[in-house]
Amino acid sequence: MEVIAANKPLGAVAVLILVFGLTILALRWPQGIHATFSRHAAAQKKTIIYYIVLFLLALPTLLVFFITWLVPALHLSKWFIVLAVTSMVLQHAVTLIPEIGGWRSKWHGILTACSALLLIPMLFLIIIAPIGTTGSKLISVACLVVMASIVTYQLLIADKQKLRYLLFLQAGYYGAFFTAMLTVTYLQ
């Protein structure tokens, strides 16, 4: 695969779309810090549509960045693309199945967990890539520890109703992944 240098900024663009879009969602249609972004989005029909459009803008942009810049620039395994596409397809499915109760909430949760957990092996592939600075690798390892800690914390809470600060946990999890991704991109 050839590195398309002009597509390097697309990773940052996709992250900015998500950060601004999700911030607007949480501030404009607040459901509290104990609710995930999905619960914020499921509050009403217009927020569900907003959520779908947000991810329709961000995820294809991110995928183009992965395929045309990140994977070839870091000499990442083709498995990275398989994991990324799978995660993004699941994330799109999540936006189409809002967390509004019943079977939708159950499947939304399952698909969300699968999509999110795929980011861990993706980050691991970035860490073991043959290209990258020591500093970017150390930051990526720290981000992986943050992500694993958040998953472990959520698994250890037996009563899921007692989980607190879900908005911050979710933002921290994805923030850690994107921090590592942007670090290896711009600290070359």
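First, what counts as a helix here: a DSSP run of H or I, at least four residues long, while strands are runs of E of at least two, and both are numbered from the N terminus. Two remarks on the source. This is a predicted model, so local features need pLDDT of at least 70, side-chain atom pairs count only at pLDDT 80 or more, and totals for chains, interfaces and linings use all residues. Residues are numbered from 1 along each chain as its sequence is written, and side-chain values use heavy atoms, with hydrogens and water left out.

Start with S38. S38 sits in helix α2, residues 37-41. Is S38 buried or exposed? Buried means under 20% relative accessible area, exposed over 50%, and partly exposed in between, with a 1.4 Å probe and protein chains only. S38 has a relative accessible area of 5%, so S38 is buried. Next, its contacts, meaning heavy atoms within 4.5 Å. Not counting residues up to four places away in sequence, S38 touches Y51, V94, E99 and H108.

Follow one of those partners, E99. E99 lies in the loop between α4 and α5. Again not counting residues up to four places away in sequence, E99 touches T36, S38, R39, A42, S105 and H108. E99 and H40 are 59 residues apart in sequence, yet their C-alpha atoms are 9.2 Å apart in space.

Now helix α4, residues 78-96. The expected span of a helix is 1.5 Å times one less than its number of residues. α4 has 19 residues and reaches 28 Å from first C-alpha to last, close to the expected 27 Å. Its buried residues are F80, I81, L83, A84, S87, M88, L90, Q91, V94 and T95. A reminder on spacing: an α-helix has 3.6 residues a turn, so residues three or four places apart point the same way. Which helices do the buried residues of α4 pack against? The partners are α2, α3, α5, α6 and α8.

Take the α4 and α5 pair. For the geometry, axes are lines fitted to C-alpha atoms, for helices over the stretch in contact, and angles run from 0 to 180 degrees between N-to-C directions. The two axes come within 8 Å and cross at roughly 155°. Angles under 35 degrees count as roughly parallel, over 145 as roughly antiparallel, 65 to 115 as roughly perpendicular, and the rest as oblique. α4 and α5 are therefore roughly antiparallel. The crossing is left-handed, meaning that the near helix is turned anticlockwise from the far one by less than a right angle; clockwise would be right-handed. On the α4 side, S87, L90, Q91, A93 and V94 make the contact, and they meet H108, L111, T112, C114 and S115 of α5. By class, that contact has 5 nonpolar, 5 polar and no charged residues. Here Ala, Val, Leu, Ile, Met, Phe, Trp, Tyr, Cys and Pro count as nonpolar, Asp, Glu, Lys and Arg as charged, and the others, Gly among them, as polar.

On to α5 and α6. Their axes are 4 Å apart, at an angle of about 5°. That makes α5 roughly parallel to α6. S115, A116 and L117 of α5 meet L119, I120 and P121 of α6.

Next, α7, residues 134-156. Its 23 residues should span 33 Å, and its end C-alpha atoms are 33 Å apart, which agrees. Buried in α7 are S136, K137, S140, C143, L144, M147, I150 and V151. These pack against α5, α6 and α8.

How do α7 and α8 cross? Their axes come within 9 Å, at roughly 160°. That makes α7 roughly antiparallel to α8. The crossing is left-handed. Residues in the contact include C143, M147 and I150 of α7, and L169, A176 and F177 of α8. By class, the contact has 14 nonpolar, 6 polar and no charged residues.

H75 is in the loop between α3 and α4. Its phi is near 55°, a positive value in a residue other than glycine. H75 is exposed, at 51% relative accessible area. I4 is in the segment before α1. I4 counts as partly exposed, at 36%. Leaving aside neighbours within four places in sequence, I4 is in contact with T68 and W69.
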